[in-house]
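Here is a short note to read alongside the model. Take the points in order, with the structure open beside you.

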Amino acid sequence: MARKNASSPFRSKLFYIPLIISIIAIILSVYNVAHPQQVVIYKTVIQNQTGGTTTQLTGYNITSPLITPPTSLASAPVITANQSFGQRLTGINQPFNASELAAINNAPDAYYELAGEMYLNHTLNNSVGAQPNVVPLFNVNGKPSVIYFGSITCIFCGENRWAMALALAKFGSFNSLYTGYSALGDSDVPTIYWRPASYNTSTTDLGAFYTSKYVNFLAIENTEPITGGFALQPMSTILQEVTAVNNTAYTAAMNYIIQINNFQGTPYTIWGNYQVGGADAVAFGNSTPKTSQLPLEYMTHQDMFNQLRQGTSQLALTEYAGADVYIAYTCKSINNTASICSLPAIQKIEAQQ
Amino acid sequence: MKRQTNKLGVLRMIYSSPAYVVVNIAAAAFYYFLFRYLLASQNYGIFLLNVPHYLLYSLVISSSVLLTLGAYGIKSAFESRGKAVGEQGASAATTIVGAVISGCASCQAPFVGSLLYAVGFNTLTVSSILSGIGGSQEPILAAFIVINLALIYYSTVKIAEGCRVAPRRRKG
């Protein structure tokens with residue numbers, strides 16, 4: 001009787017299905033360990049994308065105005081209440097004042113140099129670096145572009161925008177930036193918003209207040225309610241939302257990301273000829289946190305500005321080093337025509353590529 | 001009612017042995033650190049949990065109980081030269097896939113994303129899948145816990161049946 005039960009088809013199925021799932025899961029684990037694409041490394045490697053559609057990509061030469069976003073949103077007002085960490089949205093969508101803006105726009109070259117050298121000689125505590133793919137230029141109005149695709153709710157977008165802003169500020173300047181946070185459910189880290197964010201609704205915000213004679217900056221930011229966790233709409237939905245705005249450059253930029261065909265999450269950036277998946281630095285404190293308690297989560301924007309102004313902490317230097325990597329990609333894409341490209345550390349990082 | 005008593009009795013019998021308590025604790029620790037490793041490896045080395053902690057602990061505990069039942073089933077089968085009873089494979093699967101799903105809900109999902117591209121999906125499909133998983137990771141983890149509980153029940157039934165049959169074999 002027992003043997004009959006043991007060999008019944010019902011028992012066999014129930015036994016082998018989880019076994020097969022286990023084998024698949026273990027194969028996935030091994031695959032992940034063998035292809036640690038998003039584990040940040042200490043060297044910069046340029047990979048030529050092979051296969052897929054990437055090799056068939058052609059550059060863009062577009063003539064189009066860029067988007068000038070609104071300076072405030074009635075549906076997403078500035079929150080003035082002083083809230084506690086973990087539930088903090090204090091000052092969200094507040095424009096940076098002149099001093100805060102200067103911390104980004106006028107950061108000293110010496111900090112970039114110091115951080116770059118530390119990155120090169122591996123004396124930074126945090127991980128910095130990326131594995132970019134080489135892509136054709138996306139030219140708008142005769143200039144190459146930096147394209148950013150992210151989400152306001154995303155923690156890595158949040159920490160990475162500091163490095164991005166520091167990098168972009170060396171090729172032009174921001175007329176406005178805004179106080180931002182990652183989602184309350186995704187660590188609530190203080191960050192920069194490129195423009196006032198639709199933090200109460202699910203939509204896509206476009207544009208930034210940035211001018212440069214070297215590059216364009218196209219910012220595509222998916223938004224979800226900031227009080228929730230990280231969420232990202234499907235790319236097809238975001239494409240519809242971008243297309244609905246009817247701006248040639250932004251629609252083409254979104255289509256370009258889709259054509260590159262390697263999107264795996266946010267942040268997703270293109271720096272001239274270099275496409276970077278994910279953040280290029282892990283900057284949540286003075287060292288990589290061992291627990292889910294992130295020092296950055298317990299910092300105010302003023303704390304962050306102070307650290308950037310001093311340029312001595314590992315956190316600040318990690319942000320500058322992350323900026324250096326982006327600067328090197330951009331310099332190489334614009335034939336080193338910007339003055340920041342002459343910094344020795346930038347040239348050394350470029351030489352690694 | 002009698003069958004229920006037998007199943008509870010099976011659990012009491014297994015956990016009255018210190019060896020199986022140790023196996024259970026070791027399995028729970030192993031699964032917890034496996035979960036942490038897989039999640040951190042998808043998040044730049046940082047353990048960022050986007051689901052409530054109780055879901056993680058429930059998954060780890062239920063998986064470890066399932067593994068312990070599996071260990072008992074294998075030992076019993078070895079001793080009686082019968083077929084192994086237990087779903088120890090499933091306990092690993094639910095933990096590993098659970099960790100992968102949790103990683104999917106952060107900004108980056110290199111694990112699932114890489115795999116989806118490897119099997120030929122394009123960006124639009126990959127982003128839709130990642131978005132879907134990210135938006136429903138809590139129900140998915142809860143479903144894994146339910147699967148574990150169902151398999152614990154199933155394993156207990158099988159072990160109870162084996163216990164009833166074993167004396168007859170010895171008589172024969």
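1. What do the buried residues of α6(A) pack against? They pack against β8, β10 and α7 of chain A, together with α6 (123-135) of chain B. A contact here means that the C-beta atoms of two residues, placed from the backbone, lie within 7 Å. Helices (H or I, at least four residues) and strands (E, at least two) are DSSP runs, numbered from the N terminus.

2. A word on conventions before going on. This is a predicted model, in which local features need pLDDT of at least 70 and side-chain atom pairs count only at pLDDT 80 or more, while totals for chains, interfaces and linings use all residues. Residues are numbered from 1 along each chain as its sequence is written, and chains are lettered from A and ligands numbered from 1 in the order in which they are written.

3. Back to α6(A), whose buried residues are A:M235, A:I238, A:L239 and A:V242. A residue is buried if 20 or more other C-beta atoms lie within 10 Å of its own, exposed if 12 or fewer, and partly exposed in between; C-beta atoms are placed from the backbone. The four sit on the same side of α6(A), because they cover an arc of only 105 degrees around the axis. That arc is taken from the directions from the helix axis to the C-beta atoms. Just after α6(A) comes A:N246, with a positive phi of about 65 degrees.

4. Next, please look at the sheet. Six strands of chain A make an open sheet with mixed pairing, in the order β2-β12-β11-β4-β10-β8. Its edge strands are β2 (133-134) and β8 (203-206) of chain A, each pairing on one side only. Two strands pair if DSSP finds at least two bridges between them. Helix α6 (residues 235-245) of chain A packs on this sheet and touches β8 and β10 of chain A, its direction making about 50 degrees with that of β8(A). Axes are lines fitted to C-alpha atoms, for helices over the stretch in contact, and angles run from 0 to 180 degrees between N-to-C directions.

5. A:L218 counts as buried because it has 26 C-beta neighbours inside 10 Å. Its contacts include A:L66, A:I147, A:Y250 and A:A253.

6. β11(A) and β12(A) form a hairpin with two residues between them, and A:G272 in the turn has a positive phi of about 65 degrees.

7. Which residues touch the most other members of the largest nonpolar core? Of its 137 residues, they are A:I220, A:A253 and A:A321. α9(A) gives the most to this core, with twelve residues. A nonpolar core is a set of buried Ala, Val, Leu, Ile, Met, Phe, Trp, Tyr and Cys residues joined through C-beta atoms within 7 Å. Among the residues that A:A253 touches are A:F138, A:I147 and A:I220.

8. α9(A) lies across β4 (145-151), β11 and β12 (274-277) of chain A, running at about 40 degrees to β11(A). The axes of α9(A) and helix α8 (residues 301-310) of chain A come within 8 Å and cross at roughly 75 degrees. That makes α8(A) roughly perpendicular to α9(A), a label given to angles of 65 to 115 degrees. A:Q307, A:L308 and A:Q310 in α8(A) meet A:L315, A:A316 and A:E319 in α9(A).

9. Finally, some backbone details in loops. A cis peptide bond, with omega about 0 degrees, joins A:T266 and A:P267; A:P267 is in the loop between α7 (248-260) and β11 (268-271) of chain A. A:N261 is found in the loop between α7 and β11 of chain A and has a positive phi near 65 degrees. A:N335, in the loop between α9 (314-333) and α10 (344-352) of chain A, has a positive phi near 55 degrees. A:N261 is partly exposed, with 19 other C-beta atoms within 10 Å, whereas A:N335 is exposed, with 9.

Technical notes. Parallel < 35°, antiparallel > 145°, perpendicular 65-115°, else oblique. Lists of a residue's contacts leave out its neighbours within four places in sequence.
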